[in-house]
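The sequence and model come before the notes.

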Amino acid sequence: MEHTKHLWRALGILVVVAVSGVVIRHFAIPDSFGEAGSYRYDALAEIASKPVVHGNDISCRECHADMAETKAAGKHAPVRCEVCHAPVTTHARDG
Amino acid sequence: MEPAITTGYVFPNDLHIMWSLMIVIYPYVTGLVAGAFIVSSLYHVFQQRELRPVARLSMVGSLAFLLVATMPLLAHLGHPERALNIVVTPHFTSAMAAFGMIYTLYLILVIFEIWLVYRKPIIQLARRSRGFKRWFFATLALGVYDTSERAMQVDRRTITVLAGLGIPAACILHGYVGFMFGSVKANPLWSTPLMPIIFLFSAVTSGIAMVIVLYQTLMKFSGKSISGACVQSLAQWLWLFATITATLEILEIVTLAYERSEEWVVVGELITHKIPFSFIGVQMIFGSLIPFLLLGIVVLMRRFLTDPLRNTITFLAAFILLIQVFSMRWNVVIGGQIFSKSMVGFRELYVPRLFEREGIVTALAIMILPFIFLALFNHFLPLYESDQEEAPGAPTET
Amino acid sequence: MPRDEKVEPVTAPEAEDRRRFLKQFLMKASGVAVLVVAGEKVFFSAHAADSEAVPPGTGEDYDPTRHRYVYLIDVTKCIGCGACVRACERENNVPKHHFRTWIERYMVSRTGDVAIDSPNGGHDSFPPEVTGDDITKAFFVPKICNHCTNTPCVQLCPVGASFRSPDGLILVDEKRCIGCSYCVQACPYGSRFIHPETHTASKCTLCYHRITKGLLPACVEACPRAVRKFGDMKRLKDEVSEIIATHQVQILKPELYTEPNCYYIGIGKEVR
């Protein structure tokens, strides 16, 4: 076809842009994306690795067995130690 | 953030409006994009010849608003630097994920069509000028200086095809925006299949209105005469689309009210007590009824109107309709967030601040940019055709 | 509804991925385990009920495809003390005036008027009621993310930052989230918010960092009345699965068909 040179050039530019877009996108996709669905599978482990703050009464009993017995006999038996006292990690960190 | 003033019971996380002024102007801008494009297609595809004076203006206007359409979104995002995630890892069950693709396709289409329409003036400019300007326009012409009759004919046919493709593209671009709201089942004001249709029709309304305002302003500034036939035709189209839009908007509310379902308890309260000014006052009475009457005069009594009178009435009606469409976006986006998802409580009323990231100044800046672009464009490549010039974008006879 | 349908077969990650996932946990989670197991002293062990058998959890042997979590809230037992809200705040570093869990108070008068409140999400418990009406019944309803099977928030996330994990939880990938807050709009329960500091969506994870190490969610741990129960549909003889299978349980907003995995006992028509 004669007189369509400009259209072919425009189309060429379009193809170049589209191909480079696809290539760039390919490298921009994060690792583990799409392994188990449309999300980054590594995120699961990241969320799971957030620091634990609270323990439970068993953690407290490790050191304060006597207090645990007193509490168990009293009216606060169902209330967890950490509800009124500090969470075990902050407590242990402070010494 | 401090706790907000609420009434009734509001879920504790529902205290503040999440989608602000930016998300109001985003559908407003894309509506103008789609609407202006439809006007240019009325000429290129549907051969409404009296619209020839606004064919170029509406097409370039569509591009001007398209170029800023992403800005309100970027201003709104918590992480604008991650915006491209939406094209890198689009999650296709989300309406929003399609945005990247629809936007890009539409942008390519509009730029390609404008380029073909302006190819001859671009080549002429490249030939006339020197230095950087010459280099710039030669690049724009892609180095091909073919303005033979055969080449022009190829261009005209391609333009018609592109304009034809552009109609569904414009409808998808804006219908999708309506779908984004219409598909949120948690929100009784948004969640209706009517929503994309309402958005689409009000988009065309705002597009035609914007073209009327732009055209008359441009002609005044360039000292040219305004084509009465063109304004008359635009006014007729505007009347039609504005009427359908208002009907759909009322239908949605009437259906909700008549069904008397759980949703109406909260939506009814919202309309009558929380946003009566912007909904009943601005959107319905001032924005829909008055232009309906004004345009009715233009359409039904055209024999008795002089050109300046018709132009003025149409300009006024178009200007009011631009406000109406904005208020509709406001009432949908903001109104839909005033009630909590507990359905028994209302949040604080949202008033955007002047200086904040998503504030009034940002919104004004985004809304002014397209006009600066248009003025710049007009400086090099006129947005209107002189009567002697043979129109490269004219519809083909075949 | 037949219960079998709820328990999905092992989903996407096949053996290879599973091994990879375990490796991930070895690398990322063990560091934390060292941190919390201060010195030789073991601070954490599993829930009191089956404490003897379970060794301190480090998360190293965790396989998400072998769990399917459920949650049960017995409204009839709740006293509105707010211990769960406070525990959640500390455990997950929840910003002020935002809530991953909260408690609502419903007060119904003889005429059927319902007054609902949740001052500061029930964080500081509740002040005496002041409606002045003749209240004939009142109750507290704790709320968390419902971790819906058919969830609108994940469906609407444009970038795949919100997702449903193989163990049935709705989680947010903070590194992918663009902060568009579409998911906040989509959640019918108001469970999500945009974190004021990270500017990403944030929500209840059922304390994923705890449950993957064999611990209970902080809110369950903190509750003095055993209102909140945490279960695993894929575990044999699971207490919660058993209750759901044999008792009348309710869900929130069933008309929206989001298929919540958080079940309720004792909620009435007033509950939002």
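The notes below go from whole chains to interfaces and then to single residues.

The model is predicted. Chain B makes contacts with chain A and with chain C. The structure holds 21 salt bridges over all chains.

**Chains B and C**

- Chain B has 15 helices and two strands, whereas chain C has eight helices and ten strands.
- Of the 398 residues of chain B, 60% count as buried; for the 272 residues of chain C the figure is 59%.
- In chain B, 78% of the contacts with a separation of 6 or more are between residues 24 or more positions apart.
- In chain C, 66% of the contacts between residues at least 6 apart in sequence join residues at least 24 apart.

**Interface of chain B and chain C**

- The contact involves 39 residues of chain B and 48 residues of chain C.
- About 3,500 Å² is buried between chain B and chain C, and carbon and sulfur atoms give 56% of this area.
- Y9(B), N13(B) and K185(B) supply 20% of the area that chain B buries against chain C, which is more than any other three residues.
- The interface has one salt bridge, formed by E262(B) and R272(C) with the closest N and O atoms 3.0 Å apart.
- Polar contacts join 28 residue pairs across the interface of chain B and chain C.
- Helix 4 of chain B gives the most to the side of chain B that touches chain C, with three residues.
- By class, that side of chain B has 21 nonpolar, twelve polar and six charged residues.

**Interface of chain B and chain A**

- Here 20 residues of chain B are in contact with 16 residues of chain A.
- Chain B and chain A bury about 1,400 Å² between them, 74% of it from carbon and sulfur atoms.
- The count of salt bridges between chain B and chain A is zero, while seven residue pairs are in polar contact.
- Helix 4 (85-88), helix 5 (99-117) and helix 8 (149-182) of chain B are the elements that give two or more residues to the side touching chain A.
- Helix 8 of chain B gives the most to that side, with five residues.
- The side of chain B that touches chain A is made up of eleven nonpolar, five polar and four charged residues.

- Helix 3 (residues 83-92) of chain C is largely enclosed by the rest of the structure, because seven of its ten residues are buried.
- The buried residues are A83(C), C84(C), V85(C), A87(C), C88(C), E91(C) and N92(C).
- These buried residues pack against elements of two chains: helix 5 (81-84) of chain A, and strand 2 (102-109), helix 6 (208-211), helix 7 (218-222) and strand 9 (228-232) of chain C.
- N93(C) follows helix 3 of chain C and has a positive phi, near 55 degrees.
- R210(C) lies in helix 6 of chain C and is buried, with a relative accessible area of 0%.
- R210(C) and E91(C) are 119 residues apart in sequence, but 9.6 Å apart in space from C-alpha to C-alpha.
- The residues that R210(C) touches include E91(C) and E221(C), as well as V52(A), H54(A) and G55(A) of chain A.

**Salt bridges involving chain C**

- R80(A) and E221(C) form a salt bridge with an N to O distance of 2.8 Å.
- This pair crosses between chains, from the loop between helix 4 (65-73) and helix 5 of chain A to helix 7 of chain C.
- Both R80(A) and E221(C) are buried.
- K143(C) and E104(C) form a salt bridge at 3.0 Å, N to O.
- K143(C) is in strand 4 (residues 135-143) of chain C and E104(C) in strand 2, so the pair ties together parts 39 residues apart in sequence.
- K143(C) and E104(C) are buried.
- R110(C) and D134(C) form a salt bridge at 3.5 Å, N to O.
- R110(C) counts as exposed, at 65% relative accessibility, and D134(C) as partly exposed, at 46%.
- A network of salt bridges links R40(A), E46(A), D173(C) and K175(C).

Key:
Residues are numbered from 1 along each chain as its sequence is written. Chains are lettered from A and ligands numbered from 1 in the order in which they are written. This is a predicted model: local features need pLDDT of at least 70, side-chain atom pairs count only at pLDDT 80 or more; totals for chains, interfaces and linings use all residues. Side-chain values use heavy atoms; hydrogens and water are left out. Buried means under 20% relative accessible area, exposed over 50%, partly exposed in between (1.4 Å probe, protein chains only). Helices (H or I, at least four residues) and strands (E, at least two) are DSSP runs, numbered from the N terminus. Contact means heavy atoms within 4.5 Å. Buried area is the accessible area (1.4 Å probe) that two parts lose on being put together, summed over both. A salt bridge is a side-chain nitrogen of Lys or Arg within 4 Å of a carboxyl oxygen of Asp or Glu. A polar contact is a pair of N or O atoms within 3.5 Å; within protein, one must be able to donate a hydrogen and the other to accept it, and residues adjacent in sequence count only if both atoms are side-chain atoms. Ala, Val, Leu, Ile, Met, Phe, Trp, Tyr, Cys and Pro count as nonpolar, Asp, Glu, Lys and Arg as charged, and the others, Gly among them, as polar. Lists of a residue's contacts leave out its neighbours within four places in sequence.
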